[in-house]
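Please keep the sequence and the structure in view while reading.

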Amino acid sequence: MRIESSQKITTFLMFEGNAEAAMTFYTSLFDDAEIVHITRYGADGPGKEGSVQHATFSLAGQQFMCIDSPAQHEFTFTPAISLFVQCENEAEIDRLHTALSDQGTEMMPLGNYGFSPKFSWVNDRFGVSWQLNLPGA
């Protein structure tokens, strides 16, 4: 397994079987996004054959790592840690909010909360938490 990142600190996401679907979804949402590298489990495990043993992907120049954990565990993602996105314009925040909240959960619906003219906080369909912000002029 090859682990690469040009960053000293990299966000690491642990899924239980849907890491590739999450990466594909996330890279479809952002410009300058790509799946950099994927290593898959083989027939001799320990994870399900073909699932993600380790992967690196980038979103807007920021690298992330992820895996499909072969071990079942009692925990999942928590909104206590979220991915904060500074959106460039209203069209971008509207598009990201629509895509990320689809089959997910809105924790703070898209709106003006005083600290931002347009803000939203959602947990996406994979359980990852996103804060979307449109900075004031």
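**Exercise 1.** Is Lys-118 buried or exposed, judged by its relative accessible area?

*Solution.* The model is a predicted one, and the values used here are computed from it. Step one is to take the relative accessible area of Lys-118, which is 15%. Step two is to apply the cut-off, under which a residue is buried when its relative accessible area is under 20%. Lys-118 is therefore buried.

**Exercise 2.** Find the salt-bridge partners of Lys-118, and state which elements these pairs tie together.

*Solution.* Begin with Glu-90, whose side chain meets that of Lys-118 in a salt bridge of 2.7 Å, N to O. Because Lys-118 lies in strand 7 (residues 118-123) and Glu-90 in helix 2 (residues 90-101), this pair ties together parts that are 28 residues apart in sequence. Glu-90 is partly exposed, with a relative accessible area of 45%.

Continue with Asp-94, which forms a salt bridge with Lys-118 in which the closest N and O atoms are 2.7 Å apart. Asp-94 lies in helix 2 and Lys-118 in strand 7, so this pair ties together parts 24 residues apart in sequence. Asp-94 is partly exposed at a relative accessible area of 28%.

**Exercise 3.** How many salt bridges does a search of the whole structure find, and where does the pair of Arg-125 and Asp-102 lie?

*Solution.* The search finds four salt bridges. One joins Arg-125 to Asp-102, with the closest N and O atoms 3.6 Å apart. This pair links distant parts of the chain, 23 residues apart, since Arg-125 is in the loop between strand 7 and strand 8 while Asp-102 is in the loop between helix 2 and strand 6 (105-111). Both residues are partly exposed, Arg-125 at 32% and Asp-102 at 40% relative accessibility. Finally, salt bridges that share partners join Glu-90, Asp-94 and Lys-118 into one network.

**Exercise 4.** Describe the setting of Gln-131 and name a side chain with which it makes a polar contact.

*Solution.* First locate Gln-131, which is found in strand 8 (residues 129-134). Next consider its relative accessibility of 14%, at which Gln-131 counts as buried. Then turn to the side chains, where a polar contact of 2.8 Å joins Gln-131 and Ser-82.

**Exercise 5.** Which residues form a negative surface patch?

*Solution.* The patch is formed by Asp-31, Asp-32, Glu-34 and Glu-88.

Technical notes: Residues numbered from 1 in each chain as written. Predicted model: local features only at pLDDT ≥ 70, side-chain atom pairs only at ≥ 80, totals over all residues. Heavy atoms only, no water. Patch = residues over 30% accessible without salt bridge, like charges linked within 9 Å, V, L, I, M, F, W, Y side chains within 5 Å. Areas by Shrake-Rupley, 256 points an atom, 1.4 Å probe, with all protein chains shown as cover. Lys, Arg positive; Asp, Glu negative; His and termini not counted. Charge placed at Lys NZ, Arg CZ, Asp CG, Glu CD. Helix = DSSP H or I, 4+ residues; strand = E, 2+ residues; numbered from the N terminus. Buried < 20%, exposed > 50% of the residue type's maximum accessible area, 1.4 Å probe, protein only. Polar contact = N/O pair within 3.5 Å; in protein donor to acceptor, adjacent residues only side chain to side chain.
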